[in-house]
Each structure stands twice: as structure tokens, then as C-alpha cells.
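Me: I have a chain to go through. Could we take it topic by topic?

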Amino acid sequence: MSHLRNLLYRSSNGEPGNSASATAVAGEASSAKASAALPATPVLRGEAPALSSGVATIADFPMDEANFTPEARIIFHTAPRDPAADRFRLLRMHLRDIWRTGRLKKLLITGALAGDGKSTVTMNLATALVERGRRSVLVVEADLHHTAISEVLRLKQKAGMSDCLVDETLSPLACIRRIEPFGWHLLSAGEPRKNSTELLQGPNLGRILNEAAASFDWVLIDSPPVVPLTDTVSLQQHADATLLVVRAEQTPREAVEQTISLLGKKNILGIVLNGVEPRNHRYYKYYEGYGRQNAD
């Protein structure tokens with residue numbers, strides 16, 4: 001089993017988004033493969049939580065139980081002592097430093113090509129950022145072409161992003177659910193539609209993300225791969241910064257360069273290098289012996 005390794009090189013001003021220079025992150029986490037097809041259940045519509053303060057809390061959202069297998073590779077939950085989980089803690093630490101400045105909340109996570117592991121990185125990072133309930137995290141399944149997260153977790157199909165994009169009267173708060181046992185929340189992709197790219201380029205995207213983000217500390221946007229779609233470019237306009245996931249010895253250099261060119265180097269906060277095999281065996285042997293029982 002491979003492990004996550006990452007290094008984060010802070011930019012000189014430490015700020016994400018358009019005002020920051022690119023930050024380099026190298027890491028690893030195996031990509032998830034759907035172990036079951038998305039159940040063909042009816043799309044359910046609901047009402048937005050009744051809020052007295054205008055901002056929803058964790059208790060306001062319904063709960064769904066994830067039914068996942070080891071192939072989902074949510075290492076931070078299933079193997080919290082694994083060095084791979086510790087790499088996500090390191091990534092969380094660096095992201096949290098920027099978050100505290102107020103310049104980072106909506107983080108777009110994408111890959112150059114399908115299969116780079118962006119959805120797996122998104123789920124692991126979301127689980128890390130929750131910090132055992134101390135932070136509220138929303139995952140937005142914005143890949144309307146391939147609902148990897150819903151499929152891997154075997155969640156029932158409900159109204160989600162695509163439905164909100166089509167129906168301006170449907171609040172995203174009515175579609176969000178808390179996913180256990182991880183503790184983070186999910187705005188799923190919703191009903192499959194043929195014009196997904198056009199929907200993401202429409203005027204409702206910014207409204208949906210801003211309305212949903214008001215109730216959470218973190219918003220992780222699981223985006224489609226950049227090549228050959230243009231969806232990520234539309235989504236990036238509404239994010240504070242972007243993490244790019246690249247699979248070691250698999251993603252062609254040309255695809256990475258094309259992706260950086262399309263997204264803009266100044267908009268990329270970091271690069272997660274996925275699929276790197278461990279080389280420092282003493283390091284991993286130490287972790288196996290140390291075995292932090294209450295790793296957080």
C-alpha cells in the first residue's frame with residue numbers, strides 16, 4: 001500500500017487566490033474506485049432549514065450514513081495512524097495557517113486528467129479539516145459528469161448542485177446532508193443532466209456557492225478534471241484558491257502544463273503529487289511502532 005508524502009512551500013506573502021504566487025505541494029493518496037453504482041432512487045426535494053440567525057448549523061442538516069469499502073481509500077478515517085493520514089495533517093496545518101488570515105475558505109480541488117485521485121484527496125482532506133467536529137466542512141460535488149464521491153460512499157441520489165442550478169427557488173441548504181462517520185457535509189451533484197457545462201457557466205453558480213458557504217468554515221469543491229472540459233475554469237472563478245492533484249508517473253507532463261496554463265499559475269495554491277511510493281522505510285517503520293492511538 002502506498003503512502004502520502006507532501007511538502008508545502010509557502011509563497012512569500014502566504015496568500016492564496018489571485019493575489020498569491022503559486023504554492024507547491026507534493027503528496028500521495030491512492031485514487032478511489034466506485035465499488036457500486038449510484039442507486040437509481042428518485043430525486044428528493046426538501047425545504048431549507050428554518051434558521052433564526054440566517055446561518056445553518058450542523059444540527060440543521062439531515063444525516064446520511066456512508067456505506068464504503070476499503071477501496072474508497074479514506075485513509076484519514078480508516079487508518080489514522082498511517083503515515084498517509086499524517087501527510088493530510090501536515091497539509092491541514094498549512095492550509096489552516098492561510099485560513100486564519102481570512103483569505104481562504106472555498107478551495108477548489110481538481111486534477112489534470114480523470115483518475116488522478118482528486119475525489120480521494122477531497123474526502124481525506126475534508127475528514128482532516130473537520131478536526132473531530134471542531135470545524136464545519138462542506139464538500140461540493142461539482143463534477144456533474146461523474147459523481148465519484150456519491151458512488152464511492154454509496155449514497156442515495158438526492159437533489160443537489162445540478163437541481164439548484166436549474167431551479168433558482170431551490171436553496172442549496174435544502175440539499176446539504178451530514179455524512180457520517182466522517183462528520184463533514186455534502187452538496188451532491190444531483191440529477192444527471194446533459195447540459196452540465198452550460199449550467200456551470202450560468203449565473204446561478206456563484207449564488208449557490210456563496211449561500212452554502214455562509215454556514216461552513218471550509219468549502220471543498222470537487223471539480224471535474226481540467227482536460228478536456230472547461231467546467232473547472234468556470235468553478236475556479238468562485239473559489240479562493242485551487243489545489244491541483246497530479247498522479248506520479250501517470251499524468252503526462254503536457255497535461256499538467258496545459259492545466260496550469262488554463263487555470264493560471266497565480267491561482268494554484270499547490271500541487272498534490274498522488275501515487276508516490278514510500279522510500280524512507282525507517283520513517284514508516286517508526287510510525288508503525290509509534291502508533292498514535294488518538295491521532296487527530
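Me: Does C175 count as buried or exposed, and at what relative accessibility?
Reply: C175 counts as buried, because its relative accessibility is 5%. Buried means under 20% relative accessible area and exposed over 50%, with partly exposed in between (1.4 Å probe, protein chains only). The model is a predicted one, in which local features need pLDDT of at least 70 and side-chain atom pairs count only at pLDDT 80 or more, while totals for chains, interfaces and linings use all residues. Residues are numbered from 1 along each chain as its sequence is written, and side-chain values use heavy atoms, with hydrogens and water left out.

Me: How many disulfides does a search of the whole structure find?
Reply: The search finds zero disulfides, a disulfide being a pair of cysteine sulfur atoms within 2.5 Å. C164 is in no disulfide, and its nearest cysteine sulfur, that of C175, is 3.8 Å away.

Me: And C164, buried or exposed?
Reply: C164 counts as buried, since its relative accessibility is 0%.

Me: Changing topic: which residues of helix α9 are buried?
Reply: In α9, residues 253–263, the buried ones are A255, V256, T259 and L263. Helices (H or I, at least four residues) and strands (E, at least two) are DSSP runs, numbered from the N terminus.

Me: Why do they line one face of the helix?
Reply: Viewed down the axis of α9, the buried residues fall within an arc of 100 degrees, so they line one face. The arc is taken over the directions from the helix axis to the C-beta atoms. On the other side of α9, R253, E254 and S261 are exposed.

Me: What do the buried residues of α9 pack against?
Reply: They pack against β4 (106–111), α8 (231–236), β9 (241–247) and β10 (268–274), where contact means heavy atoms within 4.5 Å. Just after α9, G264 takes a positive phi of about 90 degrees.

Me: Which residues have the most contacts inside the largest nonpolar core?
Reply: They are L107, L125, L153 and W184, in a core of 39 residues. A nonpolar core is a set of buried Ala, Val, Leu, Ile, Met, Phe, Trp, Tyr and Cys residues joined through side-chain atoms within 4.5 Å. Apart from it lies another core, of 29 residues, among them L138, L187, L209 and F216.

Me: Finally, how many helices and strands are there in the protein chain?
Reply: The protein chain has 10 helices and 10 strands. Of its 296 residues, 55% count as buried.
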